[in-house]
Amino acid sequence: MLNLYFLFLIYGLFIFYCTLLVWSYADGALSIYPFLCLAGAAVLFVIASALALYQIKPAAWLGVICLAVTSPMFFGLLMDTGLQSGLLTAVMGVASVIFYLGMFTSVKVIRTGSPAITLTSPLRVALTLVPAGLFIWWLLAVFALK
């Protein structure tokens with residue numbers, strides 16, 4: 001189901017990027033929550049989004065778990081920062097909309113199932129490589145290309 005793929009990809013990238021951005025304003029890692037938030041977002045956009053192209057129900061279960069674990073920590077991190085209220089409201093609004101769409105779609109897939117995705121093999125492989133490529137590009141940019 002392509003909408004599950006895109007929801008997991010967009011939400012995972014959004015949470016990953018925003019967590020890194022919020023974390024850059026903090027004085028350091030004061031708790032384990034930013035680490036767990038980053039790990040959950042990475043699993044969501046790298047593994048769950050790619051898995052949604054091949055096995056829809058396991059991807060939906062993994063997505064529900066990652067969404068349920070990552071989102072409260074992310075919203076808690078946002079509330080702990082000193083961001084201006086307009087920016088905070090915008091980020092929380094976007095994250096909430098994508099979160100509820102992802103949860104609703106995942107639960108719908110788990111309960112009712114979904115038709116198989118009819119993508120050609122090269123397109124499916126290309127879409128699978130997008131999240132992994134983005135994550136590897138980030139890793140290289142942070143650790144190797146300095």
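These are my notebook entries on a predicted model of one protein chain.

**Ground rules.** I number residues from 1 along each chain as its sequence is written, and I use heavy atoms for side-chain values, leaving out hydrogens and water. As the model is predicted, I ask for pLDDT of at least 70 for local features and 80 or more for side-chain atom pairs, while totals for chains, interfaces and linings use all residues.

**Confidence.** I looked up pLDDT, the predictor's confidence in each residue from 0 to 100. The chain has a mean of 83, with 89% of its residues at 70 or more. I then went through the helices (DSSP runs of H or I, at least four residues, numbered from the N terminus). Helix α2 (residues 33-51) has the highest confidence at 89, and helix α4 (residues 85-112) the lowest at a mean of 84.

**Cysteines.** I looked for disulfides, taken as pairs of cysteine sulfur atoms within 2.5 Å, and the count was zero. For C18, the closest cysteine sulfur is that of C37, 9.5 Å away, so the two are too far apart for a bond. I also checked burial (buried is under 20% relative accessible area, exposed over 50%, partly exposed in between, with a 1.4 Å probe and protein chains only). C18 is buried at 7%, and C37 is buried at 0%.

Beyond its neighbours within four places in sequence, L67 touches F8, Y11, L44, P72, F99, G102 and M103.

**The end of α2.** L51 belongs to helix α2 and is partly exposed, at 26% relative accessibility. Setting aside neighbours within four places in sequence, I noted contacts from L51 to I56, P58 and A59.

Conventions
Helix = DSSP H or I, 4+ residues; strand = E, 2+ residues; numbered from the N terminus. Contact = heavy atoms within 4.5 Å.
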